[in-house]
Amino acid sequence: MPQFLPNRYRGKLIIVEGIDGSGKSTQLALLSQWLRSQEIAVAFSEWNSSELVRGTTKLGKKKQMFTPTTFSLIHATDFADRSERYLVPMLKAGAVVCADRYAFTAFARDVARGVSRRWVRNLYRFAVRPSIAFYFRVPLNVALDRILGGRAALKYYEAGMDLGLSRDVEESFRVFQSRILDEYEAMAQEVGFHVIDATGSIEEQQQQMRKVVHKQIGESLKDDVLRAPVGREYGFQGTAPVL
Amino acid sequence: MASRAPLQFYDEPLPGIDCSELRGKLIVIEGPDSVGRSTQIAQLRFWLEQQGHAVIDTGMARSALTQRGIQQAKEGHTLGPTTMTLFYTTDFADRLENEIIPALRAGFVVLTDRYIFSIMARAIARRQDRKWIEQVAGIALVPHAIYYLRAEIDDLVARVVVGRGSFEYWESGMDIPIGRDRYESFIKYQQRVIKALDEMAERHDFTRIDATKRPDQIFLLLQRSIKRIIGHEGQGAGVDLVSV
């Protein structure tokens, strides 16, 4: 695992990674539902969702102001805000934090944009080391079919249009995603991802995830983490949408 | 961050930049809050333009990308230390890539009010990891000169008291638990900043200038030193029209 800060807290951190269309968000939602049903306090955080940074990111995207470096830095700022304001306090409180994408997304995407591997790994050194990192491995074509089949317009940066790979948005997206996939595959060893075969059925994948969670942090889930009895009204549903 | 020749990257080259194309001069004024940097920059710009040099000046938190976002975050008092460091680094990178480097390519003199060193000093004052921020900020270009307007803490306090008249939230490090009130907090925080800058002064070859000198004296010192950097390229351009 790259140089992250050790998790010295009561809570646990579970993260999912993979290219767009790998099915990781669906699986994470199912996993957090399962954890909640066992009366575990679950918190959820998503890549690129900080309120503080939102306006700046929106402006940069709309006016196409980003370079690979500022794109990388604004996402790191977003991540830092979520870490300082949410992830770390939740871990301290003893929650099981489920994160949809983590620093590895930057390691893959920013490097695919031409940012240095070494620099971006250092950039995220303040991140808490995940207890479990899942990687959803999927062949490029399968993921592309899921994305391009189901959705209309690809956005400029999402498709890697800033790199001038192709004038055709879909073609650019293909090339960009294939670079990202290469980066994920190249870091899989270094990171120690738990690899999930994302071509399997949804049920199979979920079984596999639950087994890993049970094996890796099953004891802590029983004894250490914060409990949240099922059926109590909390008034605020700040977690992942339940599928 | 090793010491390198001017207009080389400190540590990490930015993608797509050829340093040998950069022909201008990069001049940095550093120093703690309210030490008189912007006054000097305004005068230097006027003088340099009189000499026939094209000048741009830039400064911290002025990038088109992040200016509003940083301002709003500061007003809300909601920036954690790591978030603050990275937000300011984003601002710096945006100005570096979109203002500073294009101007240097075109042969301008770039005057910058603070550089990566203030970002680093503030991060270090907030107990962020020094190696981390040095490497993050390693995308900066080595300037031709870094003038450090150095003041003791008593002098800074006097400037605040007779100047703005209040100890500003962020300049007092109110975001970190450091003192019982604004004044105490300002002292402790600014002392940390000064200490961090003093350490960088050694390692990065700052030219130290005593900020308690009169502004016109400081200006003369800066002028003399900058003349040496810019050399004779501007000579003749300052010819008085009346005498031609």
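Mentor: Begin with helix H4 of chain B. The buried residues of H4(B) are B:Ile116, B:Phe117, B:Ser118, B:Ile119, B:Met120, B:Ala121, B:Arg122, B:Ala123, B:Ile124 and B:Ala125. Bear in mind that the model is predicted.

Trainee: What makes a residue of H4(B) buried?

Mentor: The cut-off is 20 or more other C-beta atoms within 10 Å of its own. B:Arg122 is on the list of buried residues, and so is B:Phe117.

Trainee: What covers the buried residues of H4(B)?

Mentor: The cover includes E1, H3, H5 and helix H7 (182-203), each of chain B. Just after H4(B) comes B:Arg127, with a positive phi of about 65 degrees.

Trainee: Why is strand E3 of chain B also described as largely enclosed?

Mentor: Here the count is four buried residues out of five, in the stretch 109-113, so the strand is largely enclosed by the rest of the structure.

Trainee: How do you know that E3(B) pairs with strand E1 of chain B?

Mentor: Pairing needs at least two bridges. Five join E1(B), residues 25-30, to E3(B), and the two run parallel. One of the partners in E3(B) is B:Thr112, which bridges to B:Val28.

Trainee: How many bridges link E3(B) to strand E2 of chain B?

Mentor: Five, with E2(B) covering residues 55-59, and this pairing is parallel too. B:Ile56 has B:Val110 of E3(B) as its bridge partner.

Trainee: What makes up chain B as a whole?

Mentor: Eight helices and five strands. From the N terminus the order is β-α-β-α-α-β-α-α-β-α-α-β-α.

Trainee: How many residues of chain B are in contact with chain A?

Mentor: 25 residues of chain B, against 28 residues of chain A. H3(B) brings the largest share of chain B's side, nine residues. By class, that side holds 11 nonpolar, 10 polar and four charged residues.

Trainee: Now chain A. What is the strand order in its open sheet?

Mentor: The five strands stand in the order E2-E3-E1-E4-E5, with parallel pairing.

Trainee: Why are strands E2 and E5 of chain A said to stand at the edges?

Mentor: E2(A), 42-46, and E5(A), 194-197, each have a single partner strand, so one side of each is left without a neighbour in the sheet. On average, neighbouring strands are turned by 20 degrees against each other, direction ignored.

Trainee: How do you know that strands E1 and E4 of chain A pair?

Mentor: Two bridges would be enough. Residues 12-17 of E1(A) and residues 132-137 of E4(A) pair in the parallel sense over four bridges. A:Glu17 stands opposite A:Tyr135 in E4(A).

Trainee: What does helix H1 of chain A touch on the sheet?

Mentor: H1(A), residues 24-37, touches E1, E2, E3 and E4 of chain A, and its direction makes about 170 degrees with that of E3(A).

Conventions:
Residues numbered from 1 in each chain as written. Chains lettered and ligands numbered in written order. Predicted model: local features only at pLDDT ≥ 70, side-chain atom pairs only at ≥ 80, totals over all residues. Contact = placed C-beta atoms within 7 Å. Nonpolar A, V, L, I, M, F, W, Y, C, P; charged D, E, K, R; others polar. Buried ≥ 20, exposed ≤ 12 C-beta atoms within 10 Å, placed from the backbone. Axes fitted to C-alpha atoms, helices over the stretch in contact; angles between N-to-C directions.
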